Amino acid sequence: HPSYHYRNSIQQLELPQRKAALIVPAFETLHYRLTFPKSKAELLSMLDMGSLYTFRYHVWPKGHAPTDYAKWRTATMPYHVAWQPDFEPYVVVRRDCPKYDQRFVGFGWNKVSHIMELDAQEYELLVLPNAFMIHMPHAPSFDISKFRLSAGYRGCLQTLREEFHQDLSRRYGAAALKYLTAERSL
C-alpha cells in the first residue's frame with residue numbers, strides 16, 4: 001500500500017530531522033485503462049513489455065532523467081541524485097519546505113523552479129527504491145494549449161524565469177550561479 005510505504009520511508013530516513021526531498025520515480029502509460037502494478041517487479045515487467053514508459057521519455061527526457069531509472073531498477077536502498085537543469089521530479093517533502101513559486105501557475109516551470117529552490121537550500125534529493133507513480137493519459141490542459149499556441153505566453157514565462165534566477169542570485173549568492181549557467185547553456 002503506497003501510503004504505508006511512504007510512512008515507512010519517512011520514518012526510516014528520519015525525514016523530520018533532515019532536509020530531504022524524497023523522489024517518487026514517475027512512469028506513464030498510453031492506455032486509458034491500466035491495471036496498476038502491485039509491486040516494483042510487476043512494474044518492471046510492464047516496462048519491459050512496453051505497456052509502461054519512463055515519464056515523458058519521448059517528449060521531455062531531461063525532466064526525469066536525473067532520477068536514474070537504470071539504477072532504480074535494481075536499487076534496494078534510497079539513493080542520492082544531483083540536481084540537473086530542467087529536473088522536475090515528483091517529491092514527498094516536509095510541510096515546512098519552501099513553497100512553490102506562485103509566479104509559475106498554469107503550464108511551465110512550477111516543478112522545475114521548486115526543485116531548484118530545494119537544491120539551493122541544500123536539500124538531499126533521495127530516490128525511493130520501491131515507490132513509483134504512473135501518469136495516465138488525459139486531454140491537454142488549457143494552459144499547455146496556450147503555451148503551445150501563444151508566443152506571448154511563452155515570452156511571459158521566459159520573463160518570469162529570468163526574474164526567478166535574479167531572485168535566486170539575491171538569496172543564495174554565488175551558489176546560485178550554477179542554475180543561471182545551466183540555463184544559458186541550454
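**View 1. Surface of the predicted model.** The protein chain exposes about 10,800 Å², with 57% supplied by carbon and sulfur atoms. Accessible areas were computed by the Shrake-Rupley method with a 1.4 Å probe, and for residues only the protein chains shown count as cover. Of the 186 residues, 41% count as buried (under 20% relative accessible area, 1.4 Å probe, protein chains only). The model is predicted: local features need pLDDT of at least 70 and side-chain atom pairs count only at pLDDT 80 or more, while totals for chains, interfaces and linings use all residues. Residues are numbered from 1 along each chain as its sequence is written, and side-chain values use heavy atoms, leaving out hydrogens and water.

**View 2. Secondary structure.** Seven helices and seven strands make up the secondary structure of the protein chain (DSSP runs numbered from the N terminus: helices are H or I, at least four residues; strands are E, at least two). Their order along the sequence is α-β-β-α-β-α-β-β-α-β-β-α-α-α.

**View 3. The largest nonpolar core.** This core has 36 residues (buried Ala, Val, Leu, Ile, Met, Phe, Trp, Tyr and Cys joined through side-chain atoms within 4.5 Å). Phe-27, Leu-43, Trp-72 and Met-116 have the most contacts inside it. Elements supplying at least two residues each include β1 (20-24), α3 (69-74) and α6 (151-172). The largest share, five residues, comes from α4.

**View 4. Surroundings of Phe-27.** Beyond its neighbours within four places in sequence, Phe-27 is in contact (heavy atoms within 4.5 Å) with residues including Leu-47, Tyr-53, Tyr-69, Phe-132 and His-135.

Conventions: Buried < 20%, exposed > 50% of the residue type's maximum accessible area, 1.4 Å probe, protein only.
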